[in-house]
Amino acid sequence: MKRLRMAIALLLIFALAAMTACGGAGKKEGTKKTGGTVTFGTAMDQFGNMDIHYTTAAAPFQAAMQMTEPLIGKDPDGNLFPLLLDEMPEVSEDGLTYSFKLKSGVKFHDGSLLDSGDVKATFEKMLNPKNLSVHAGSITTLIKGAAEYADGKADSISGIEVKDDQNFTITLVSPNASFLNFLSAWQMSIYPAEAATMDGWGTKVFIGTGPYKLKEFEPNSKIVMERFDDYHGGAKKLDSIVFQNMTQNTALMEFEAGNIDLTEVKDTAIISSYLENEEFKDNIVMIEQLGTIALSFNMKMKPFDNPKVREAISIAIDRETIVNKLLKGLGTPAKSFLPKGVLGYDEDLEEFKYDPERAKQLLKEAGYPDGIDVEAITTDTAATTFILQYLAEAFKEANIRMTIQTYDAAGFTDIRNNGKIPMFILTWVSDVGDPNDFMSLYSTPMSQFISNFYENSEYDAQLQKGLTETDLEKRAELYRQLDYKLTRTDYACAPIYHPNAFMLVSKKIKNLRMENCFRLFDAELSE
Amino acid sequence: MGSPLLEVKNLKTYFRTEDGLVKAVDGVSFSLEKGEILGIVGESGSGKSITALTIMGLVQIPPGEIHGGEILFKGRNILALRKSEMRKLRGNEIGMVFQEPMTALNPVYTIGNQIAEAVMLHSDVDRKTAMKRAVEMLERVQIPMAKDVFKRYPHELSGGMRQRAMIAMALCCNPELLICDEPTTALDVTVQAQILKLIDSLRKETGMSVIMITHDLAVVSEIAERVIVMYAGKVLEEGPSSVIFDHPLHPYTEALMKSKPVLGQKKERLYSIRGMVPSPYNRPPGCLFEPRCDCSMKECSQAEPADVIIGNRRVKCIKYCDSKDGNRP
Amino acid sequence: MMIKYIISRIMQSIIVLIGVTLVTFILVNVVPGDAVSLMLAKRTDQATMDRIRHELGFDRPYTEQYLRFLGNAVRGDFGNSYFEKTPVTEMILRGLKYTVRIALWALLLALALGLGAGIVSAYFHNSLLDRVIMFFSTLGISAPVFWLALLFQIFFGLKLKVLPISGVDKPGSFILPVLTLGITNAASIARISRTSLLEIISQDYIRTAKAKGAGELRVVFKHVLKNAAIPIVTFAGLVVRGLLGGSMLVETVFSIPGFGSLMVSSILTRDIPLMQGCVVYGATIFVLINLLVDLAYSALDPRVRLVKET
């Protein structure tokens, strides 16, 4: 008995010592101020810097959207509007020169006023190779003198001319119908001119004209933004917006515990389980996305070099089943590469007809009477792998034997960029929503970066036409034709479905529209 | 003679194992006078070491259990003592020296540290005094450069030195009883003699009593005044060492003597006792030595023979039960 | 002599570290996933890519790149992270702040719980208490860290709502990660120490100590523990290495911006300066721990000292 008591006492002492050493248990947060805080749980492990000049990843964009602004904004329905401008810019007769007038009295978070010099400096920062911006490429071919500046042959961009503090012009290399759309992309946000030389830019300091300003950034952990009271559009309601780093699974738990207010849910199975849950079904909010999930082929590799094979694969995909059974209806079966809501989408086009027998026939005609063996590549983090797994089974019906190889994200990007991927699931979501954004992916030489190698000079020429055509009807027709050529004549890729994004959103958040922009700044809390 | 220092009466130490009950010590009785050296002889497994450990109170309970008997130390039954009282006795009034000085000393502490610890456990002295006492003890067991040895670790000393250090540790509190469990077995022959001489001279110096446990008859005959012979947990014979080896009464003692090599005497083959010690799980009902005995009789296997006192000797053998000198206790 | 030993060990460590930098450099340049093309994941042209590559010095010969890297590394300068644009050393120290803090508490908890349970278990071995402790330690060893972390999150965070589920900035944020890491390691420490203690308890010198009249606690704490500590220290060294290097999983689950998650993201994004920095700092820490374990050995066991000195 004595021994036992001693043993228990010993154990207790050790356990207590260990517990008290770690500090007291957590207590609840204090009472909320009016306005309140919205906390967003998201994966920030590959976040890096807040300056989205360096990245194409979603999370930094979502944060930057609260703090910085491009010249031109886009509303939830896709309409452009002047954001940092007095009005939409005027275009010259030849369609080359755009005249801008900045809204007066727009303040940066540090209190300084936005002027034309800041706009020019922002473009130069993005183009200067020393700054390692990943978005430089598209500007060099768009704005006059940009390429010379990027190559160090000029001291400034000749195509951007500062008239005075509020007025400036931008001259293009050639007319481009999507230029204003391009300017509305968030990576085109305007920074103060000093940004390029600031110490700790994007980590310790980050200044924009947006409705929220940076209060605290702890990489890999969290971003705290607080309301900017001098916001040119009128101060917003929320006191602060917090981004908290967490994995999907942790985020779900934090949401259920009521510790975060919203998080994106990527896994279809999880979305549908929430939709079936009485307590949480109303928290699931669907956000229409302008995007397409497609099977993309490597046209340099056998057997994908044969258009009949590509057609066979395309019609061997049962898109209805994928959307209804696998996605539980949380998407739209694709019949073109362009999704609904993008100029050039053909409402009247007939669906792809699922026909494994005809696929077999096509393979026979292509010289593969016994069918084909193909390999698809995916990444360990891809949300679309389950579709490949389904297809690997379903394709057997059409004598297509598919194996799946999995790489880590970096390895995958590397071999994709090197053109070594035979076939993979392409996820293409546009933040701009211009048809060129979709269709230019298959232009030369862009297509090689997705291991596709579609080369068609007619296609490229028409794409150029689309950029300069200003008549909307005519422009729409041009992209309709391009889409048909891509997916129904040449079968360079096989569109599968158009995805939607889903978020778990706390019921106390009102007025949230997240289409084409992460508008947390517009959120309001109700009791 | 006054009352003996130690009296062991019908001691039974059993062990419960998964294979059954082991009667390691089964009815052992003996007594020890002040200043006397008692030898306990027996093969390994005869229970002599367990007897010593039982006296020290070092038998792990369970699996061990004291099944019966008494151990009277200075008239007190120490089996009935509380743990804390027994601890005060151990190392203080009763010291013990073990067989293997290499493993019996803690390898990670210095010799001095280990001796000083023993001093401090039983006397209320500070560290410095304890250390001084430890050096004195090392000098007393005739260790040269005691101050240097004091700082050394066990692995840095020779076997003989280590055993001297062990003895110093056992004696540092001036015990009245010293139990030596095979103290010389692991040592070279020349060192053996030195150690035995040391123990003997220390006994004379301090007047302590010594129990000398060994399987080596030469050791016993050299140092002990009285000897008990143990076999399978029982005492088979007891008597003065001067006569017991020259005139053994019990056939087992006789056999032991025969199997002992004698210097200068060339024998064809060394005598060995046939058979083996009976399995502890399966003891015969009669005399335990009967299966190996050269002069066993029919009655031997029927009942355990009683102790027979013959003068100042005691023997457990049926041969003497009918003798005119013998009388049943 | 001890000093001579330490100096020779430090020299060995430096050679090891130089080897590590070389191997890292080679590996980094061999693994698929060119950092530049990864940074420019979408929408890029060859010209921009070449400009950036030149800016980062990737068009220089490998030997030149390596020597420059080594030269800077010696001064603790690993350059700026490609993705965060922050000095790598600053980022690593930032991450280590969390990782070391969690690792130390977890180690403390693991040792306290593990040793405590191990001692009790050994002392009462084969008793019911021992069996219960060993059952739980088997459970602790076989439970995947990830699973345990989730279990704690669900139980303490979601159901009881007494502790934060994730993050580092709420009061009590560190308790669950420390518990997770502490308990899993405590389980193995309990087993190791039980085995080691049982072996020591049956040694002759423990009987000697008892024969001296030492009490049970004294026997355990003075005579048994120091001897049993030798295998336990070896294992604790492994545990520390595991806590620093292998806490990635726990850091991910609990959203801790520590060294482990930094290392993972550096690999995922092929952030070469960060990757190299992580490996070199990590290797330095491992080498230091090894050195400490070795020194602890010689402090604990005089026999080791003898072998090492001669």
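**Figure 1. Ser201(B) in helix α8 of chain B.** Ser201(B) belongs to helix α8, residues 189–206 of chain B; helices (H or I, at least four residues) and strands (E, at least two) are DSSP runs, numbered from the N terminus. With a relative accessible area of 29%, Ser201(B) is partly exposed; buried means under 20% relative accessible area, exposed over 50%, and partly exposed in between (1.4 Å probe, protein chains only). Val141(B) is 60 residues from Ser201(B) in sequence, and the C-alpha atoms of the two are 9.9 Å apart in space. The model is predicted, so that local features need pLDDT of at least 70 and side-chain atom pairs count only at pLDDT 80 or more, while totals for chains, interfaces and linings use all residues. Residues are numbered from 1 along each chain as its sequence is written, chains are lettered from A and ligands numbered from 1 in the order in which they are written, and side-chain values use heavy atoms, with hydrogens and water left out.

**Figure 2. The largest nonpolar core and the surroundings of Ile55(B).** The largest nonpolar core of the predicted model has 99 residues; such a core is a set of buried Ala, Val, Leu, Ile, Met, Phe, Trp, Tyr and Cys residues joined through side-chain atoms within 4.5 Å. Helix α7 of chain B (residues 159–171) gives the most to this core, contributing seven residues. Leu6(B), Phe30(B), Ile55(B), Leu177(B), Ile179(B) and Ile211(B) have the most contacts inside the core. Neighbours within four places in sequence aside, the residues in contact with Ile55(B) include Val8(B), Ile71(B), Ile78(B), Met86(B) and Ile94(B), contact meaning heavy atoms within 4.5 Å.

Figure 3. Six of the six residues of β10(A) (residues 240–245) are buried, so the strand is largely enclosed by the rest of the structure. Ser240(A), Val242(A) and Gln244(A) point one way from β10(A), whereas Ile241(A), Phe243(A) and Asn245(A) point the other way. In a regular strand the side chains alternate between the two faces of the sheet. Strand β1 of chain A (residues 37–42) pairs with β10(A) in the parallel sense over six bridges; two strands pair if DSSP finds at least two bridges between them. In that pairing, Val38(A) stands opposite Ile241(A). Strand β9 of chain A (residues 222–227) pairs with β10(A) in the antiparallel sense over five bridges, and Val224(A) has Val242(A) as its bridge partner.

Figure 4. Asp490(A) lies in the loop between α16 (472–489) and β18 (493–505) of chain A. Although buried, Asp490(A) has no salt bridge, defined as a side-chain nitrogen of Lys or Arg within 4 Å of a carboxyl oxygen of Asp or Glu. The nearest side chain of opposite charge is that of Arg310(A), 5.6 Å away; Lys and Arg count as positive and Asp and Glu as negative, while His and the chain ends are not counted. The side chain of Asp490(A) makes a polar contact of 3.3 Å with that of Asn456(A). A polar contact is a pair of N or O atoms within 3.5 Å; within protein, one must be able to donate a hydrogen and the other to accept it, and residues adjacent in sequence count only if both atoms are side-chain atoms.

**Figure 5. Thr487(A) in helix α16 of chain A.** Thr487(A) is found in helix α16 and counts as buried, at 0% relative accessibility. A polar atom of the Thr487(A) side chain lies 2.9 Å from the backbone oxygen of Asp483(A).
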